[in-house]
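I opened my notebook for a first look around this structure. Here is what I looked up, entry by entry.

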Amino acid sequence: MRLKIILFLFISMWLMLIVRIFYLAVSSNNHYKKLSLNNTIKVEKIAPVRGEILDRNGVPIAINQLGFKIKLKPHLLSKKNKPKFNAELDNLLKLFPQLDRKKIVKLYKRKDSFYNHKYIEIVPFISYKQMMPIYSMLNLRKNIKISPAPKRYYPYKNTAAHVIGYVSRANKKDVKNNPLAELIGYAGKTGLEKYYNQYLQGEAGYKKIQVNASNQIIKELSFEKPKENRKLTLNIDIKLQRYIDALFKGKSGVVIVMNVDGSILSASSYPAYDLNIFVNGMSYKMYNKLANSLEHPFTDKLVHGLYPPGSTVKIGFGLLYITTALSENWSVYCTASLPLGKRVFRCWKKKGHHTTDIIKAIRESCDDYFYKGSLIIGNKNMSDAMLRYGLGKKTGIDLPNEFIGVVPSREWKRKKYNRSWNIGETLNTSIGQGDFLVTPIQMAQLTALIATGKLPTPHFAKKFGKKEYEIKYRDVLTKKEKEKLPIIRKAMYQVCNNPHGTATSFLSSKVVIAGKTGTAQVIGIKQDIKKRISEHNLEYYNRSHAWFTTYGPYKHPQYVVLAMVEHGGHGGHAAGKIVSKIYNKLLELGYIKK
């Protein structure tokens with residue numbers, strides 16, 4: 001019996017060994033074959049070249065400069081390899097004296113670890129001109145790897161800076177949201193560079209190579225080119241853009257030139273900055289100077305600037321008034337003041353406008369007309385209409401993180417402050433003051449709505465490669481509102497062409513235009529002040545923002561031109577000359593036909 005047990009155990013052990021040998025020699029062959037291939041075959045991803053951005057005439061406004069990046073072999077900081085590390089750095093600094101040794105060491109230490117077997121990037125960019133005379137010599141060094149590395153360049157520097165945006169080194173957040181950013185090394189951070197980053201960056205290519213035990217390439221097995229050079233053509237005319245830059249020199253604010261279909265021909269937020277400083281890197285001193293400036297050069301005021309619309313919003317409220325509880329024949333008698341409770345709501349004209357209908361109210365910007373109309377219409381109808389007209393919500397423009405602004409209402413105030421609404425706030429809202437806040441692009445969109453009867457989606461993109469951008473409209477007006485639009489347009493025509501119009505005396509446009517001025521207060525006026533201080537006598541940062549939004553030609557609307565001058569005072573005075581010259585330039589460039 002004992003012999004049988006011993007024999008059984010002996011045979012069982014041999015059977016187990018035979019089964020294991022079979023598994024290792026036959027069944028697991030495919031598994032180990034794959035592991036073996038991983039040791040001998042490598043797949044290298046190839047970074048795509050970022051697509052260029054062009055203006056509508058094919059002029060490049062964001063391009064790539066050809067250059068190279070330098071990588072160093074990992075694990076060179078050990079006691080054994082430290083002399084090699086120092087020798088490589090000494091050699092690089094001799095060839096490229098502009099390099100910073102401390103910065104290179106810091107970059108290398110950050111990426112070097114026991115688990116990292118990839119070459120470490122220590123110099124992100126060396127120009128083609130600098131590298132080519134020494135490329136072959138440097139490429140022979142076993143510890144160094146040189147790879148092509150294009151760098152973004154903006155030839156027009158600060159022109160349309162907030163619109164174009166910039167690219168810079170990819171951070172952890174960029175890589176998390178977009179794994180390709182790690183391979184490319186940079187990503188779009190602001191403006192169109194960010195909004196269309198996915199399109200512009202392209203898709204990675206790859207090559208499959210066979211290597212030996214020493215990691216030397218034996219042969220290339222396959223290759224797939226990156227999907228790259230995706231060109232983005234804009235509606236922007238860089239020539240017009242630069243002309244407007246010169247007109248707005250020394251001022252802060254916004255200028256927008258937009259086709260009534262939403263295509264933006266020119267848009268600027270002032271002051272601007274040189275986009276290239278973000279690509280190349282800047283000093284803390286320079287950054288702090290820009291970041292702490294009271295003119296806010298980093299803010300894209302087109303979509304992030306929030307301002308009271310002032311009297312420009314009267315074109316929207318005027319349309320609402322004459323299509324709801326009131327009619328175009330309804331009028332008020334303006335005495336320059338409207339007592340309400342313990343407050344007096346004043347009109348800007350000290351002697352009042354006397355008998356005023358809708359045409360005169362818009363032409364001469366009578367506040368009293370809109371105060372009294374708002375008491376009849378009510379805040380809910382007013383806020384609902386403004387939201388429908390496009391205020392208080394995103395326009396859909398192709399720029400990142402667009403702000404929505406504020407259309408004040410009972411519901412909004414309760415949600416925001418948990419406080420009740422008072423009737424005085426309705427009056428303030430009717431003239432675009434109080435808590436009312438809009439972005440300049442929202443006001444340009446509203447102007448296009450009045451000019452055409454349709455609400456367009458503002459956009460910069462014209463073509464993706466050869467594919468045209470799809471223009472979008474929204475039909476937001478009621479049948480009655482569309483029927484009454486000519487009344488508001490006539491009033492806007494008189495703003496710019498009637499002797500009593502608030503803009504007429506400041507214009508010299510060769511194009512017949514219609515528009516609306518606006519003065520948006522940045523400080524409140526105390527009730528006990530009987531005589532207002534004129535805007536030019538106020539401290540600069542206490543002066544009102546000056547709005548002037550227009551469309552032209554009047555009879556056949558083609559373009560909206562809007563200018564908003566921060567602390568500019570009166571809209572017509574501050575912006576009339578600028579807007580006139582822009583229309584004349586549109587005529588000269590052939591955008592508007594005589």
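Predicted model: local features only at pLDDT ≥ 70, side-chain atom pairs only at ≥ 80, totals over all residues.

**Two crossing helices**

I began with helix H21 (residues 440-452) and helix H22 (residues 479-497), whose axes come within 8 Å and cross at roughly 115 degrees. Helices here are DSSP runs (H or I, at least four residues), numbered from the N terminus; axes are lines fitted to C-alpha atoms over the stretch in contact, with angles from 0 to 180 degrees between N-to-C directions. Thr 447, Leu 449, Ile 450, Ala 451 and Thr 452 of H21 make the contact (heavy atoms within 4.5 Å) with Leu 485, Ile 488, Arg 489 and Met 492 of H22. I sorted these residues into six nonpolar, two polar and one charged.

Residues are numbered from 1 along each chain as its sequence is written, and side-chain values use heavy atoms, leaving out hydrogens and water. The protein chain averages a pLDDT (the predictor's confidence in each residue, from 0 to 100) of 87, and 91% of the residues score at least 70. I noted that pLDDT is below 50 over residues 524-530.

**A salt bridge**

How many salt bridges does a search of the whole structure find? I got 19, each a side-chain nitrogen of Lys or Arg within 4 Å of a carboxyl oxygen of Asp or Glu. Asp 90 forms one with Arg 101, their closest N and O atoms being 2.9 Å apart. Asp 90 lies in helix H3 (residues 82-95) and Arg 101 in helix H4 (residues 101-111).

Terms used
Nonpolar A, V, L, I, M, F, W, Y, C, P; charged D, E, K, R; others polar.
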